[in-house]
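Biologist: Could you take me through this structure, one part at a time? I would like to begin with what surrounds one of the helices.

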Amino acid sequence: MILEDGKPLRRPLPWRISDYLWGIFPALASLFAAVALWQYGHAHLGAMLIPAPDVVFARAVNILANASERQNVILTLYRASIGISLALTIGISAGLIAGSSRTLSLLTRPIITVLLGTPPIIWVVLAIFWYNMGSTSVIFTVTITTLPLVFAAAQMSVMTLPTPLSEMLSSYRVPLARRLKAFYLPHILRQLLPALIVAVGTGLKITVMAELLGSNDGIGSAIGSARAMLDTVDVMAYVVLIVTIIMSIEYGLLEPLRRLFDVTRRQ
């Protein structure tokens with residue numbers, strides 16, 4: 001670590017941005033290797049089992065270009081965003097409150113264990129019973145499956161706050177605003193952001209699964225129709241779109257935020 005006057009030297013923002021962008025190349029190399037393996041499987045197993053990558057990519061572009069098919073993608077993103085937002089709002093708020101009290105932590109632990117241990121497919125079936133097929137059942141399933149992940153991360157972020165450092169800041173009467181900016185928020189966000197990355201990816205996947213079983217529209221429903229017609233090109237095209245959306249959110253928004261609050265990288 002480079003030090004200046006005994007303090008870690010923080011590199012300029014343009015340098016950190018270029019360093020992050022340079023780190024994208026290994027990820028792109030992995031993607032190209034995966035596509036090459038995909039092409040190899042297509043050449044040996046045939047288009048029925050594994051369609052050609054170029055055909056799938058072209059079909060994915062056509063889905064976005066077609067208004068009716070694009071609406072399925074937009075609807076899935078809408079449902080996922082509502083469900084994930086509810087899970088984040090409830091999970092973070094409740095987790096921070098529970099983490100500040102040992103009694104509340106002990107009371108909520110079995111509930112979170114039950115929620116984490118319940119398979120998502122069970123929530124899909126129950127949501128169909130309770131809310132019928134449609135957006136409400138999908139949003140409920142996404143919320144109830146991602147909420148415990150965020151809750152546990154928020155709870156642990158508060159429980160792992162260094163008590164001696166917190167007491168020292170209080171004894172020296174450091175202003176609350178400065179404590180929040182320099183101590184509490186960075187520590188909590190470093191714990192929350194990795195869980196947020198997992199919650200977003202999980203939420204989108206659960207959305208598609210819930211639509212497959214409990215909705216007549218959205219990406220999941222379109223995949224179900226393609227499955228019935230044995231249309232592997234459409235199935236793979238929607239998979240490509242889902243993965244692209246998840247990676248765009250993770251590497252375009254969440255990962256930069258995680259690095260911003262990761263003080264161990266500020267060299």
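Biologist: What covers the buried residues of helix 5?

Modeller: In this predicted model, the cover over the buried residues of helix 5 includes helix 4 (67–99), helix 6 (120–131) and helix 7.

Biologist: Which residues of helix 5 are buried?

Modeller: Ser105, Thr108, Ile112 and Leu115 are buried in helix 5. As background, an α-helix has 3.6 residues a turn, so residues three or four places apart point the same way.

Biologist: Where does helix 5 bend?

Modeller: The bend, of about 35 degrees, is at Thr108. A proline, Pro110, follows within four residues.

Biologist: And what span should helix 5 have?

Modeller: Helix 5 (residues 102–117) has 16 residues, so at 1.5 Å a residue it should span 22 Å. Its end C-alpha atoms are 22 Å apart, which agrees.

Biologist: Let us move to Gln155. Is it buried or exposed?

Modeller: Gln155 counts as buried because its relative accessibility is 11%, and the cut-off for buried is under 20%. This residue is found in helix 7 (residues 135–159).

Biologist: Which residues does Gln155 touch, not counting those up to four places away in sequence?

Modeller: Gln155 touches Gly95, Ala98, Gly99, Ser105 and Thr108. Of these, Ser105 and Thr108 are buried residues of helix 5.

Biologist: What does UniProt list as "transmembrane region"?

Modeller: The UniProt entry, which is unreviewed, lists residues 20–38, 45–65, 77–99, 111–131, 137–161, 182–204 and 235–254. In the model, residues 137–161 are 92% helix and 0% strand, with end C-alpha atoms 37 Å apart. Residues 235–254 are 100% helix and 0% strand, and their end C-alpha atoms are 27 Å apart.

Biologist: Turning to the largest nonpolar core, which members touch the most other members?

Modeller: They are Ile219 and Tyr238, in a core of 29 residues. Helix 3 (53–65), helix 4, helix 7, helix 9 (176–214), helix 10 (219–228) and helix 11 (232–260) each supply at least two residues of this core. Another core, of 10 residues, lies apart from it, and Ala87, Leu115, Trp123 and Ala127 are among its members.

Biologist: Finally, what is the mean pLDDT of the protein chain?

Modeller: The mean is 84, and 85% of the residues reach 70 or more. Among the elements, helix 3 has the highest mean pLDDT (94), and strand 1 (residues 3–4) has the lowest (46). Over residues 1–7 the pLDDT stays under 50, and over residues 263–267 it is below 50.

Key
Residues are numbered from 1 along each chain as its sequence is written. This is a predicted model: local features need pLDDT of at least 70, side-chain atom pairs count only at pLDDT 80 or more; totals for chains, interfaces and linings use all residues. Side-chain values use heavy atoms; hydrogens and water are left out. Buried means under 20% relative accessible area, exposed over 50%, partly exposed in between (1.4 Å probe, protein chains only). Contact means heavy atoms within 4.5 Å. UniProt positions are given in the numbering used here, feature names are shortened, and annotations may be inferred rather than shown by experiment. The expected span of a helix is 1.5 Å times one less than its number of residues. The bend at a residue is the angle between axes fitted to the seven residues ending there and the seven starting there. A nonpolar core is a set of buried Ala, Val, Leu, Ile, Met, Phe, Trp, Tyr and Cys residues joined through side-chain atoms within 4.5 Å. pLDDT is the predictor's confidence in each residue, from 0 to 100.
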